[in-house]
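Please look over the model below before reading on.

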Amino acid sequence: MAPAAPEHTVAPGGRPAATVPVVSYTLIALNTLVFLLGPAAGFNPLYGTGPARVCAEQRYEQRWGAVPAEVLAGRPLTAGQLAEAPDPVPGCPAAPTPGKHPALSVLTGLFLHAGWLHLLGNLLFLQVFGPTVERRLGRARYAVFYLAAGSLTTYGFALAEAHSPNSTRVLIGASGAIAATLGAYLRLHPRARVTTLVPLLFFLPLRFPAWLVLGLWFVLQWWSVHSAGPGVAYLVHVIGFSAGFLYACTVVRHPPRRPGGRPIPWRHLTKEPEL
């Protein structure tokens with residue numbers, strides 16, 4: 001997929017939209033920087049190598065990631081609670097994290113990723129769909145939307161897993177916030193054309209409407225919630241996508257206005273983007 005921004009876009013309030021999606025690029029840079037400095041990338045010698053690095057990565061995620069049981073209780077897991085929980089990594093028992101603030105981990109967990117595939121997959125979707133949504137909402141509004149949506153998906157997942165053995169497992173990644181961006185994009189630009197690589201003997205670039213591509217993506221996530229095993233928090237994707245779509249409905253319902261107070265129809269301000 002290759003991104004292309006819509007033309008003549010304005011932010012809510014009738015202001016010309018920012019031509020450079022600063023927030024989207026900053027989020028991409030922050031996610032990349034945090035990953036490269038952390039143990040998962042394998043570049044930081046402070047975390048060691050081999051099994052030592054694996055255990056360091058587990059402790060790092062436990063410290064900065066969001067744990068559903070901690071988020072709901074408002075305090076870190078005790079040594080007794082961790083002893084009763086299954087080890088997240090064989091041979092690396094989870095250690096207490098005194099001084100951890102679970103409410104803050106809801107935000108810090110959005111910038112952690114478990115590996116290169118996890119990171120690059122998220123950043124691809126953020127790069128493709130984030131700039132267009134940012135231009136439509138405006139920089140400040142999009143920044144708040146991204147962080148709020150990511151936090152909402154974490155709390156929603158925590159509530160869903162409250163009585164599950166998975167409530168002591170760490171939740172990391174920007175997937176919830178990015179899924180919200182996809183949901184918002186679908187509502188704002190349902191007829192946009194998205195170029196998708198389809199594996200038919202060879203990878204063929206075919207163009208489909210956004211409602212079809214993102215609609216099928218959402219259905220796949222919903223199906224995976226009930227059929228896939230542990231490892232990927234598909235429920236986070238479903239919650240984020242739904243929240244982003246519903247929020248974008250309020251943006252469409254309240255279009256920007258002319259200086260005299262009359263609303264400006266979106267069709268006069270935007271051209272559907274092609275991705």
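The numbered points below go from the basis of the values to the fold, the disulfide, the salt bridges and the surface.

1. This is a predicted model, in which local features need pLDDT of at least 70 and side-chain atom pairs count only at pLDDT 80 or more, while totals for chains, interfaces and linings use all residues. Residues are numbered from 1 along each chain as its sequence is written, and side-chain values use heavy atoms, with hydrogens and water left out.

2. The chain has 10 helices and two strands, where helices (H or I, at least four residues) and strands (E, at least two) are DSSP runs numbered from the N terminus. Their order from the N terminus is α-α-α-α-α-α-α-α-β-β-α-α.

3. Of the 275 residues, 44% count as buried; buried means under 20% relative accessible area, exposed over 50%, and partly exposed in between, with a 1.4 Å probe and protein chains only. The chain exposes about 14,100 Å², of which carbon and sulfur atoms supply 67%, the areas coming from the Shrake-Rupley method with a 1.4 Å probe.

4. The structure holds one disulfide, a term used here for a pair of cysteine sulfur atoms within 2.5 Å. Cys55 and Cys92 form it, with their sulfur atoms 1.9 Å apart. This pair links distant parts of the chain, 37 residues apart, with Cys55 in helix α2 (residues 50-64) and Cys92 in the loop between α4 (79-84) and α5 (102-108). Cys55 is buried at 15% relative accessible area, and Cys92 is buried at 6%.

5. Two salt bridges are counted, each requiring a side-chain nitrogen of Lys or Arg within 4 Å of a carboxyl oxygen of Asp or Glu. In one of them, the side chains of Glu70 and Lys100 meet at 2.8 Å, N to O. That pair links distant parts of the chain, Glu70 lying in helix α3 (residues 68-73) and Lys100 in the loop between α4 and α5, 30 residues apart. Glu70 counts as buried at 1% relative accessibility, and Lys100 is buried at 6%.

6. Glu57 forms a salt bridge with Arg53, the closest N and O atoms being 4.0 Å apart. These two residues are four positions apart in helix α2 and therefore separated by about one helical turn. Glu57 is buried at 14% relative accessible area, whereas Arg53 counts as partly exposed at 22%.
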